[in-house]
Amino acid sequence: MFTPWGEALIHSWYQQTLARLSHLPNVRKVTIQTNLSCSLDWIEQANPDCLALWATFHPEWSTLDRFVEKCEILLDRGIRFSVGVVGFPQFREAIATLRQRLPQNVYLWINAVKAELPQLAAEDRAFFQSLDPLYELNTQHYFSLGKSCRAGASVISVDGEGNIRRCHFIKEAIGNLYDPAFESVLFERPCTNETCHCHIGYVHLDELELEKVFGSGILERVPIAYQ
Ligand code: SF4
């Protein structure tokens with residue numbers, strides 16, 4: 001899963017890389033966070049059984065028509081994707097319209113703005129939950145210190161230099177992907193952070209058992225119920 005700074009898919013080299021990775025026999029899933037602002041012509045070269053997208057709609061930067069049009073291309077090409085929107089109350093109308101325009105089998109998730117939750121009106125919170133059945137799951141800071149987490153064992157974060165970290169949230173490197181013996185650093189260890197509050201982290205916390213909710217869609221954030 002690529003988690004780029006900024007939008008990566010506007011660059012042809014990211015498009016080609018994703019398409020190539022999706023055909024490798026040892027790659028089960030390749031996915032990327034994107035705002036779908038790019039051309040989707042390259043999708044034709046990708047393997048739809050392997051490529052998946054984590055798409056986000058930004059009502060302040062894109063139009064609904066343009067975004068939905070891109071989603072329709074993905075649906076036509078058989079690419080699995082989820083759609084996310086930041087849970088600001090001022091986006092309610094745009095989010096409701098987006099939900100109406102997407103087929104029901106496309107998962108629309110609301111990214112909870114944790115810093116603003118104490119001020120969020122109960123009605124807004126209920127609205128977000130009514131559209132995203134997993135919204136409340138994303139409103140938590142999960143106590144993770146000392147808890148067992150797959151990050152560092154079956155899940156790792158790798159930067160451009162090959163440095164391996166357990167996850168995005170623990171800065172200490174545990175090895176390097178270019179070390180021939182890199183697999184020796186992959187083992188279960190307790191979390192060293194107090195809490196974990198981002199989907200790409202807490203979905204790997206063993207005690208939450210979220211693999212039972214997301215199954216093979218855990219990277220692109222597509223729950224089993226929508227697969
Ligand atoms: S619980 Fe979160 S912060 Fe802790 S190791 Fe797992 S992903 Fe990283």
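Strand E7 and strand E8 (residues 163-165) are joined by two bridges. The two strands run antiparallel. Val 158 has Ile 164 in E8 as its bridge partner. This pairing belongs to an open sheet of three strands, in the order E7-E8-E9, with antiparallel pairing. Strand E7 (157-158) and strand E9 (173-176) are the edge strands of the sheet. Each of these two pairs on one side only. The model described here is predicted.

A second open sheet has four strands. Their order is E1-E2-E3-E4, and here the pairing is parallel. Strand E1 (30-34) and strand E4 (108-111) stand at the edges. Each has a single partner strand, so one side of each is left without a neighbour in the sheet. In general, the strands of a sheet pair through backbone hydrogen bonds, either parallel or antiparallel.

Within the parallel sheet, strand E2 (residues 51-56) is joined to E3 by five bridges. Ala 52 stands opposite Arg 80 in E3. On the way to E4, strand E3 (residues 80-86) is joined by four bridges. Both pairs, E2 with E3 and E3 with E4, run parallel. Val 83 stands opposite Leu 108 in E4. Strand E3 is mostly covered. Of its seven residues, six are buried.

The domain assignment divides the chain into domain 1 (1-139) and domain 2 (140-209). The centres of the two domains, taken over C-alpha atoms, are separated by 24 Å. Five residues from domain 1 and six residues from domain 2 make up the contact. On the side of domain 1 that touches domain 2, one residue is nonpolar, three are polar and one is charged.

The ligand is surrounded by 14 residues. The closest are Cys 149, Cys 167, Cys 191, Cys 196 and Gly 201. By class, the shell holds nine nonpolar residues, four polar residues and one charged residue.

His 197 lies in the loop between strand E11 (195-196) and helix H5 (199-202). Is His 197 buried or partly exposed? It counts as partly exposed, because 16 C-beta neighbours lie inside 10 Å. Leaving aside neighbours within four places in sequence, His 197 is in contact with Lys 114, Gln 140, His 141, Tyr 142 and Tyr 202. Glu 123 stands 74 residues from His 197 along the chain. The C-alpha atoms of His 197 and Glu 123 are separated by 23 Å.

Ala 8 is found in the segment before helix H1 (12-21). With 18 C-beta neighbours inside 10 Å, Ala 8 counts as partly exposed. Ala 8 touches Phe 2, Tyr 14 and Ile 32, not counting residues up to four places away in sequence. Thr 34 is 26 residues from Ala 8 in sequence. In space, Ala 8 and Thr 34 are 7.2 Å apart, C-alpha to C-alpha.

Two residues have backbone angles of note. Most residues other than glycine have a negative phi. Which value does phi take at Leu 36? Phi of Leu 36 is near 60°, a positive value in a residue other than glycine. Leu 36 is found in the loop between E1 and E2. With 23 other C-beta atoms within 10 Å, Leu 36 is buried. Arg 221 also has a positive phi, of about 65°, although it is not a glycine. Arg 221 lies in the segment after helix H6 (211-214). Arg 221 is buried because 26 other C-beta atoms lie within 10 Å.

Technical notes:
Residues numbered from 1 in each chain as written. Predicted model: local features only at pLDDT ≥ 70, side-chain atom pairs only at ≥ 80, totals over all residues. Near = placed C-beta within 6 Å. Nonpolar A, V, L, I, M, F, W, Y, C, P; charged D, E, K, R; others polar. Pairing = 2+ DSSP bridges. Domains from an automatic or database assignment. Contact = placed C-beta atoms within 7 Å. Buried ≥ 20, exposed ≤ 12 C-beta atoms within 10 Å, placed from the backbone.
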